[in-house]
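Let's take a walk through this one together. Keep the viewer open and follow along as we go.

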Amino acid sequence: MKRIVLYDIDSKIPNFALMKISSFYKNLGYTVIFSKKIKYIKANKYFASSVFYNEKSMSRIKALNEIYGSDINIGGSGVNLSKKLPKKIDKCFPDYELYKHRSYAIGFLTRGCNKKCSFCLVPTKEGKLNSNYASFDNFVPKKQNKVMLLDNNLLASKKSFSIIESIKKRNYSVNFSQSLDISYLNEDIFNLLIKTKSMNSRFTRRMFYFSCNSVRQTKLFYKNESYLREFGRDAVTVIVMFGYNTTLSEDYEILSMTKKLKLIPFVQRYIPVPNTPAKIPKNYFDMDLDKIAAIKFRTNGQNGEKFLRYVNQLYFKTYGKYYLPILNAIYRYNNKKAINKYLRKPHLISKKQYC
Ligand code: SF4
């Protein structure tokens, strides 16, 4: 019997493309072998998918290329933005058995986006918004009522109303994994969204996700304050990207917005995509660092520590010292003893900022 091997280089959730490739070749009678380990496996065809563009993924891709040379077909946004699945594969129903995944369905209803945010690979990879990419029946198994949507800008679609109505009608719990675009929030959309079971990624609690990547966007959050409040207490998370091209005071202004509106911030560092490195301004440090050290992130602060570590690293790179109040803030709640590795080097620590 013919065999294919599918390598998952770095996915954090079941890889949508690999599940479709699996489905296509199973239908042709192939035996599908799935591997997260990079090792030689004898087969007739070889595919791999990489989602992230980082050193670890690149070294795994290199290893696969060394093993298989031109015999392996490697795709995904971590490796090639222009490579797409052939239509005959793309239209297959995903093979969830590849990951023995039964917790929720995964898929896109729309692809692409008409906006051109400079840090985002979607316009290059997927092109303009296509509202007719797929329907729920193309990827949601019967009896499954949990759906993770991967759409990049669902609310921009002219079908967004009917899609949200359909979510309600089918009684689905959905996770808008790529977040919703606040610029499309209005009374009509709000009235539809509020009736949906919008959930966190584990489908354990009700949650609506929006993104805020610039100070300009904070104005839209303030403008929509009443809707955001009506979604409910602790029911709105704002994905805040840092490390692309904002100054410290801009990062602070965005985080302050989430605090003022009582929204949950979830910070995420910009992960460079091919040809788009981070553009951290030379004058990044443009405000009182004590205000940053005083930020109290919600719950036990683990997510917020990511941002503080970034500030700490950048500060050391710029000034050659660590600023003690920032170190104290990083180790305020978790892993408290780890601060000692810094305290053991007092010559590298400053109690005064910017000197
Ligand atoms: S709106 Fe979202 S998907 Fe569209 S380009 Fe901007 S970041 Fe990318």
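Glycine 29, which comes just after H1, has a positive phi of about 95°. Bear in mind that this is a predicted model.

H1 is mostly covered, with nine of its twelve residues buried. Those are Phe16, Ala17, Leu18, Met19, Lys20, Ile21, Ser22, Phe24 and Tyr25; notice that a lysine, Lys20, is on that list. What do the buried residues of H1 pack against? Their partners are strands S1 (3-8), S2 (31-35), S3 (45-49), S4 (72-75) and S5 (105-107), plus helix H3 (87-90).

Now for the nonpolar core. The largest one holds 74 residues, and within it Leu6, Val147, Phe210 and Val240 touch the most other members. H1 is the top contributor to this core, giving seven residues. Pick out valine 240 and skip its neighbours within four places in sequence: you'll find it in contact with Cys212, Ile254, Leu255, Thr258, Pro265, Phe266 and Val267.

Zoom out to the whole chain. It has 13 helices and 13 strands. Its radius of gyration is 22 Å, close to the 20 Å that the globule rule gives for 355 residues, so the chain is as compact as a globular protein of that length. Along the principal axes, the C-alpha atoms fill a box of roughly 70 × 55 × 35 Å. Of the 355 residues, 32% count as buried. Among contacts with a separation of 6 or more, 77% join residues 24 or more positions apart.

Last stop: the ligand. Around it you'll see Cys113, Lys115, Lys116, Cys117, Cys120, Val122, Pro123, Asn152, Asn153 and Asp181. That shell divides into five nonpolar, two polar and three charged residues. One of its members, lysine 115, is found in the loop between S5 and helix H4 (122-126). Is lysine 115 buried, partly exposed or exposed? It counts as partly exposed, because it has 13 C-beta neighbours inside 10 Å. If you want a distance to check in the viewer, lysine 115 and lysine 169 are 54 residues apart in sequence and 30 Å apart in space, C-alpha to C-alpha.

Definitions and conventions. Residues numbered from 1 in each chain as written. Predicted model: local features only at pLDDT ≥ 70, side-chain atom pairs only at ≥ 80, totals over all residues. Near = placed C-beta within 6 Å. Nonpolar A, V, L, I, M, F, W, Y, C, P; charged D, E, K, R; others polar. Buried ≥ 20, exposed ≤ 12 C-beta atoms within 10 Å, placed from the backbone. Helix = DSSP H or I, 4+ residues; strand = E, 2+ residues; numbered from the N terminus. Contact = placed C-beta atoms within 7 Å. Rg over C-alpha atoms; globule rule 2.2 N^0.38 Å. Core = buried A, V, L, I, M, F, W, Y, C linked by C-beta atoms within 7 Å.
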